[in-house]
Amino acid sequence: MRILYPIIDGEVTGGNVICFQFIKEAQKKGWDVLVNSPAKGKFIDMIRDRCARIYHIDTTRSFRLDKSVEMMKMIKKERIDLVHCHTPLPDTNLSRIAAALAGIPIVTHAHLRQALNQNPLIKGYQLMLDWCTSRLFCDRIIAVSEAVKTDFAKQGSPQSKIEVVHNGIDTAHDRPGKNSDAVRKEFNLRNGQKLVGEVARLCGTKGQHVLIRAARSVVKEFPGAVFMIVGEDMEENGAYKKELENLAKEMGVEENLIFTGYRSDIPDLMNAFDVFVLPSFAEGLPVTILEAMSARRPVIATPAGGNTEIVVHDETGLIVPFGDYDQLAEAIINLLGNSEKARLMGQKGYERVQAHFSLDQMVEKTFQVYDEVMETYNSAGGFRKWRLQIP
């Protein structure tokens, strides 16, 4: 089988990390993998040797229906059997049209609530196009959480086509790497010095500004505490990072803050954290929370998206309100000051990931969707079934 994976862009994002797992597992089955990314970047460098071909068709603008035609020609040229799309709304709509024109099935992976253009005319066009393509051309929508499934249904996708498959990570064995001491040595941290970490791209949605505001109260209780913010400012080319640095100075915690930029050794860093924090305002089902729990770290998060489907409040971590830096600070102080409670939460989080969020479960359920979609397609004689489904 030959599979095309359209992705959001060329950078390392949560959705791309999940797609990478499908690419690797598809290879193990002997399937040929092709990728379309509107842009190049670190993620493209990661997968280059694993793909039969990588294309850079720009599908980021909803009105560019000519890009659907261009993708359709590529699909036919490469003899693609199935498209599995990991993209935002504009790219998804254009990919669905391309697959329909090429006469092959397409599966949409819903990583996050769809972001709509703020211009009313463009927003209306996007919703109309999504309403049509999700019914006419899309064979299945895989939502990474129940929260995302609900959001997609509210935005007009047919609920009968949406199936929840939680994100998963490799839990088969403990991965070798740096231990806590090695990480702390790299950043000149003392043994016993409290370390709070957040791993996410730098943007307002991920709430780094909330963590920095909370840091002031935490530092009063734990003067040597350090806050490690891992991730790049990919959206504003460093402007948002500068805002965060200025906020840290305003809060008087600039000496307690470490910006690491992009890191490829996230599991190693997780080993060194005392507490993992993700005060985000929007999520699907964050891989970084799963990584933290797999490293036996207690997690503090907001009730964004599928966070509460992973983090059990007061058992595997703590859930705090959106934007409430006082309650976030209180939660951090609570866990830093009670190492046994933090340890137990970390252990229960580890057990929860092992039981419910494994890579094997995610891949098995997703490839089962492939089988079902291809079986329906083949039973129809290889012709794409064009039908309007109105729930």
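**Exercise 1.** Find the ring over which the charged end of Arg-296 sits.

*Solution.* Start at the charged end of Arg-296: it sits over the ring of Tyr-350, 3.6 Å from the ring centre. The term applies when NZ of Lys or CZ of Arg is within 6 Å of the ring centre and within 35 degrees of the ring normal. Next, turn to Lys-42, whose charged end sits over the ring of Tyr-262, 5.2 Å from its centre.

A word on the model: it is predicted, so local features need pLDDT of at least 70 and side-chain atom pairs count only at pLDDT 80 or more, while totals for chains, interfaces and linings use all residues. Residues are numbered from 1 along each chain as its sequence is written, and side-chain values use heavy atoms, leaving out hydrogens and water.

**Exercise 2.** Count the aromatic pairs, then classify the one formed by Phe-20 and Phe-43.

*Solution.* Rings of Phe, Tyr and Trp (its six-membered ring) pair if their centres lie within 6.5 Å; planes under 30 degrees apart are stacked, over 60 edge-to-face, and the rest tilted. This rule gives 7 aromatic pairs. Phe-20 and Phe-43 make an edge-to-face pair, with 6.1 Å centre to centre and 85° between the planes.

**Exercise 3.** Decide whether Phe-20 and Phe-43 are buried or exposed.

*Solution.* Buried means under 20% relative accessible area and exposed over 50%, with partly exposed in between (1.4 Å probe, protein chains only). Phe-20 has 12% relative accessibility, so Phe-20 counts as buried. Phe-43, at 0%, is buried too.

**Exercise 4.** Name the members of the aromatic cluster that includes Trp-31.

*Solution.* Phe-22, Trp-31, Phe-367 and Tyr-370 form one cluster.
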